[in-house]
Amino acid sequence: MPSTTRGTVPGPRPCPHCGRVLAPLTADLCGREAFAGWEPCGCPGAQAARAEWEAERDRADNAARIASWERRLEASGIPPRYREASHPWAPRLAERIAAGDGLYLHGPNGTGKTTLACAAALICMRNGMGVRFAVATKLLDELREFGQDQRGLLESLAACDLLVVDDLGKEGAATPRAAEKLFDLFNDRYNSQTLAHPRPVLVTSNFPRGNVAARVSQGGAGVAIASRLKEMTEAVEMGGEDWRKSC
Ligand SMILES: [Zn+2]
């Protein structure tokens with residue numbers, strides 16, 4: 001028969017608020033009787049102290065949650081001005097993304113493409129997805145070089161749950177080499193997706209998918225990117241009142 005040994009359990013102590021004598025509480029810890037605090041006192045002073053302690057604990061939990069969210073936002077690359085973005089279509093877009101669908105938002109300037117993309121990405125993040133946001137021109141610029149930094153960047157953009165590429169085709173043709181690397185990035189995500197882990201992309205552009213090829217690169221990489229995006233995304237035209245689809 002297992003015997004219970006008594007650990008170091010202190011004696012009773014008076015409540016610091018009303019003086020009532022409070023018995024020590026114990027818990028069985030693998031056959032050992034362990035001290036687990038004193039019985040709670042029901043006096044108003046003790047109740048107020050407990051409420052204050054709980055409020056302090058909640059404040060600390062909340063601060064830790066906010067700090068963790070801030071770190072995730074910073075790591076995502078979502079620009080500060082879009083970190084509280086909202087858009088009426090965002091919940092629907094986020095649902096599609098969670099189901100693994102890629103989307104290509106296109107339309108003229110001022111139609112809220114980036115706002116919508118960020119609002120949807122934020123919902124995805126709150127639901128636990130890992131998100132990376134990259135401005136296309138800056139990304140293509142970085143991909144001109146190829147060193148350890150670029151390899152790390154490409155690996156992290158290829159592996160995240162959702163990749164947002166903003167403003168594809170804006171600055172005109174990139175160098176063929178950079179465009180090839182952008183194609184490789186989309187292609188990596190396309191080839192590594194599984195039902196359990198889809199790797200959707202969310203692209204925004206001023207241009208419809210059919211016109212984006214020459215805007216990205218004059219070489220074959222632009223055509224390859226446009227063709228891959230056609231397989232990976234559904235086009236959504238912005239600027240109308242409805243969710244209109246077009247190729
Ligand atoms: Zn008391």
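Modeller: A residue is buried under 20% relative accessible area, exposed over 50%, and partly exposed in between (1.4 Å probe, protein chains only). The model is predicted, so local features need pLDDT of at least 70 and side-chain atom pairs count only at pLDDT 80 or more, while totals for chains, interfaces and linings use all residues. Residues are numbered from 1 along each chain as its sequence is written, and side-chain values use heavy atoms, with hydrogens and water left out.

Biologist: Why is Asp 141 called partly exposed?

Modeller: Asp 141 has a relative accessible area of 46%. That value lies between 20% and 50%, so Asp 141 is partly exposed.

Biologist: What makes Asp 141 and Arg 144 a salt bridge?

Modeller: A salt bridge needs a side-chain nitrogen of Lys or Arg within 4 Å of a carboxyl oxygen of Asp or Glu. The Asp 141 and Arg 144 side chains meet at 3.1 Å, N to O, so the pair qualifies. Arg 144 is partly exposed, at 43%.

Biologist: How many salt bridges does this rule give?

Modeller: The count is 10.

Biologist: How do you know that Arg 59 and Glu 52 form one of them?

Modeller: Their closest N and O atoms are 3.6 Å apart. That is within 4 Å, so the pair counts. Arg 59 is partly exposed at 45%, and Glu 52 is partly exposed at 48%. A network of salt bridges links Glu 52, Glu 56 and Arg 59.

Biologist: Why is Arg 83 called buried?

Modeller: Its relative accessibility is 14%. The limit is under 20%, so Arg 83 is buried.

Biologist: What makes Glu 74 exposed?

Modeller: Glu 74 has a relative accessible area of 55%, which is over 50%, so the word is exposed. The side chains of Glu 74 and Arg 83 meet in a salt bridge at 3.1 Å, N to O.

Biologist: Which atoms count as donors to the zinc ion?

Modeller: Donors are N, O and S atoms within 2.8 Å of the metal (3.2 Å for Na, K and Ca); water is not among the atoms, so sites may look incomplete. The SG atoms of Cys 15, Cys 18, Cys 41 and Cys 43 lie at 2.3 to 2.4 Å, so they count. Along the chain, the donors follow the spacing C-x2-C-x22-C-x1-C.

Biologist: Why is the zinc site called tetrahedral?

Modeller: Four donors are tetrahedral if all angles lie between 85 and 135 degrees. Here the angles among the four donor atoms run from 100 to 114°, so the site is tetrahedral. The ideal angle for four tetrahedral donors is 109.5 degrees.

Biologist: Is Cys 15 buried or exposed?

Modeller: Cys 15 is buried, at 4%. Cys 18 is partly exposed, at 41%.

Biologist: Where do the domains lie?

Modeller: Domain 1 is 42-76 and domain 2 is 77-245. Such bounds come from an automatic or database domain assignment. The domain centres, taken over C-alpha atoms, are 37 Å apart.

Biologist: How many residues of each domain are in contact?

Modeller: Contact means heavy atoms within 4.5 Å. Six residues of domain 1 are in contact with 11 of domain 2.

Biologist: What is the area buried between domain 1 and domain 2?

Modeller: Buried area is the accessible area (1.4 Å probe) that two parts lose on being put together, summed over both. Here it is about 750 Å², with 50% from carbon and sulfur atoms. Trp 69, Leu 73 and Ser 76 supply 67% of the area that domain 1 buries against domain 2, more than any other three residues. Between the two domains the count is one salt bridge.

Methods. Tetrahedral: all angles 85-135°; square planar, octahedral: opposite > 155°, others 65-115°.
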